[in-house]
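Hello,

Here is the structure I promised to pass on to you. Please open it alongside this email, and my notes on what turned up follow just below.

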Amino acid sequence: MDHSARMSFKSRSPLPYHSTAGEKPLTSGPSRFFTTFYIPIPGRRPVGIPLPIPPSVMHFISARIGRRRASFFVWLALAFLLWVGFSLIRAVHSQRHPRWTQPIIGDPPTLVFGREDLRRIWNWEIASGHYPSKRPIPEQIRITSNPLNPGLPVSPRLPRNGLLPLGDTIGTGSDREYLDIQAKPPNTAYPPRVPTGSVADLDIIMDNCDFSQQKTVRDCLEVMRLGAGLDVGRRLRRGKVDVWRYIFKEAPSSSRKHVPPATQPLSLKQQKLLRKEPADPDAGLWKRDVLEAPLTNLSEPVPTIPFADLPKESPCDPDYPRIFHMFWAGPFNEKPYVAMLSYLFTQNLGLHLEKPDPTVCRPQFWMWINPGPAAAVPNPNALRDMFQSLADNPWAAPFLHPRFKDVIKFKMWNTTEQLDGVPELKDEWRKFPSLFNSGGVKYEAKKAPPPQPPNLSSQPEGTNMTGASPPPKKDGDDLFDRLGSTSSSTYDRLSVVLSDMARFVLTHRFGGTYLDADSIFLRDWEELWGWRGAFAYRWSRLPTYNTAVLRLNKGSALGTFLFKTALRNDLDFHPMTVGRYTKDSYLESLLLRLPDAMFDPAWLAQEGYQKERPPYPMFQDFKHFFTPPSQEAAAPQSLGFDGFFKGAYSYHFHNFWWVPFDPARNFPDLGPKFKEGERKARAKLRSMAEAEKRKEDGADGASGKRYTPAPRVPTAEEVEQMEAEEDNVFNDSRDLAWSAVLKRTFEAYIRGERPNMYGEWLRW
């Protein structure tokens, strides 16, 4: 090519022309509307791609920012245009065909109800007063009118346009008076009780404690501590803390000053939504192939009654019973013992009065005992045997004392009776091969051979033949034979799975709140009883539930939804699976996921979160509750109960069933009234120690057999001498763990050596 030809060719291209051995010239074609880009490919000829960019524009850009940068920005602009186009196409398609598809990976859908049923559930719960929150209803429910909400006070002002946002509810309830709770002189040694009938505003707690909004457990505990007046004697000037007041009292319904609107006109957005309602009413819901029958048989919702409207002689609302449920399998030991002591130490039970205050609604504690392995069927004498076993057990016998008969009830768990008592389950649950399903992991027992008929001639006279013949003997470590967890290697997994279902059954049938047996009460729950919604709490950092604390209202629409959904998902009540149930159905706000700071304040720090500003005490491992590091072991004795997560409602120590609370005094130490049980427990400890010593001594040289502990009843003088030696301070632990300090604090209250956390002395 001669010089003139090259000059002519260059004059047609706005880009510089050059040639190298390893690079193809980047040129443009002769078109006035396209610029050709060449992509170099090693070992092959470059590929030219025409782009719809006028050469003059490309030359203008290249002259100012350089050829390489110009190429980069051109590709970036094209990618952006492609993304915008794809988004527009997808938006148009979703309006015409708004249906989700099941992902290739991940959990399958759990939803078994249509949108109309989800609306029914929302409307039923709101009309019943179970949604005392300002959080909007999810847009996916497609509520086309603002529901009237008796759980919220009447709002005196509406937005300027007179219309509420889509999804908001219209308050029709009583006015709220937020309380400044502080101890008043001269009674400043102990915190005051929250006034009877108070209510917790959980919206305020969520605003100050929600982990997903970067709120810390430390700050949350301060808000809950100050709002309830628990910082008695330690309150420092912090400026105005009115925004931290989360406890209020409802005014009588007769004092309502503002008349709520009977109807609310539809906004333009609501009208547009109605006009564009697709032909498929369930469009956009990710549901299973087979749906449940419509929920047309729900009972009529009954709005809640403010505490001020209840008769003073009957302060307990029968529709909202104050029952704490707890489930226990295996021999009764110090774990449920400490949980029940903490209940007596913290709740408003009137045990400091000769007669209970008739204006106070006292809660009850229902301890559900599973008398056999989770897969076993109780024998006909199980109830009598259960109470006899409790009376003989030194850890359980104190709670059978007549002083506690109105506030503590022992109940026997019978799986058949309980499941038949749930209307949603009674006709369905027998069809399942196994009731033990946890997060999709199913446990099915091997079928035992048919029982042989008993040989009546060999039975001694007077033998009880009312029960079934004894099952064949199995290995003691068999999963289906375990009754309680005696070590980490013999964990009673089936009882845990059964308890996952039991908590929903009990709260749906009887109402109230369920707590796991590895929980300890840290304060009065008065204001939580006043909040009429359902709740569990957050699984540490994960946006799902932990149901170690669970509140459901008796016979609620939400409960019906949960059981109907579980039936079509193989009766899986694992808390993470329940989280999928509510997430797929947009009902998460009806089962409120409270911050774990309220019931499990050590969890986040134990998993490595918020270590820069942790709560106190800070546990790097849950075992530090039982065995703290030596450098931190001075704190429990120095600070005592008041220094343990002050502000939290309870503490969850996450299993550790086989670790004693107080190794140095591993017996119920409740004073003279319960001395017999204490001596029985001490004797058992001595017997176990002797057996262990004989085992360590080895075999008998004469017989070649190991020693076995020989039962021997010591004399009264020997018992007193042994107890005196055991009570020597030099035999006690020098450093006491938090678990030991809490146990000894609760026991001192029962012995009459100190008042409870509110300064009330136990009166027998």
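A search of the whole structure turned up two disulfides, a disulfide being a pair of cysteine sulfur atoms within 2.5 Å. Before the details, a word on the source: this is a predicted model, in which local features need pLDDT of at least 70 and side-chain atom pairs count only at pLDDT 80 or more, while totals for chains, interfaces and linings use all residues. Residues are numbered from 1 along each chain as its sequence is written, and side-chain values use heavy atoms, with hydrogens and water left out.

**The disulfides**

Cys209 sits in helix α5 (residues 202-209) and Cys220 in helix α6 (residues 217-227), eleven residues apart. Helices here are DSSP runs of H or I with at least four residues, strands are runs of E with at least two, and both are numbered from the N terminus. Cys209 and Cys220 are both buried; buried means under 20% relative accessible area, exposed means over 50%, and partly exposed lies in between (1.4 Å probe, protein chains only).

The other disulfide joins Cys316 to Cys361, again with S to S 2.1 Å. Its S-S torsion is about 115°, so the disulfide of Cys316 and Cys361 is right-handed. Cys316 belongs to the loop between α7 (268-275) and β8, and Cys361 to the loop between α8 and β9, so the pair ties together parts that are 45 residues apart in sequence. How accessible is Cys316? Cys316 has 36% relative accessibility and therefore counts as partly exposed, whereas Cys361 is buried at 4%. With the bonded cysteines numbered in sequence order, the pairing reads 1-2, 3-4.

**The chain as a whole**

The chain has 19 helices and 18 strands. Of its 764 residues, 48% count as buried. The accessible surface comes to about 40,200 Å², with 55% of that belonging to carbon and sulfur atoms; the areas come from the Shrake-Rupley method with a 1.4 Å probe, and for residues only the protein chains shown count as cover. Taking contacts (heavy atoms within 4.5 Å) between residues at least 6 apart in sequence, 73% join residues at least 24 apart.

**Two helices**

In helix α2 (residues 55-65), the buried residues are Pro55, Met58 and Ser62. They cover an arc of only 60° around the axis, which puts them on the same side of α2; the arc is that of the directions from the helix axis to the C-beta atoms. Ser56, Ala63 and Arg64 are exposed on the other side of α2. Just after α2 comes Gly66, with a positive phi of about 95°.

Helix α9 (residues 382-392) has Ala382, Met386 and Leu390 as its buried residues. Their arc around the axis is only 70°, which places them on the same side of α9. The cover over these buried residues includes β9 (364-370) and β10 (408-412). As background, an α-helix has 3.6 residues a turn, so residues three or four places apart point the same way.

**Strands and a loop**

An open sheet of three strands runs in the order β5-β7-β6, with antiparallel pairing; two strands pair if DSSP finds at least two bridges between them. Its edge strands are β5 (176-178) and β6 (199-200), each of which pairs on one side only. Three bridges join β5 to β7 (residues 247-250), and Glu250 in β7 is the bridge partner of Arg176.

Elsewhere, β15 (residues 534-539) and β17 run parallel, joined by four bridges, with Ala534 opposite Leu591. In β17 (residues 591-594), Leu591 and Arg593 point one way and Leu592 and Leu594 the other, and all are buried.

Gly330 lies in the loop between β8 (323-329) and α8 (334-346). Gly330 is buried, with a relative accessible area of 12%. Gly330 and Ser495 are 165 residues apart in sequence but 9.1 Å apart in space, C-alpha to C-alpha.

**Where to be careful**

The predictor's confidence in each residue is its pLDDT, from 0 to 100. The chain averages 83, and 79% of the residues score at least 70. Over residues 3-13 the pLDDT stays under 50, and the model has four contacts beyond four places in sequence for them. Residues 699-703 are also below 50, with five contacts beyond near neighbours in sequence. Where pLDDT is low, the predicted coordinates should not be read in detail.

Happy reading!
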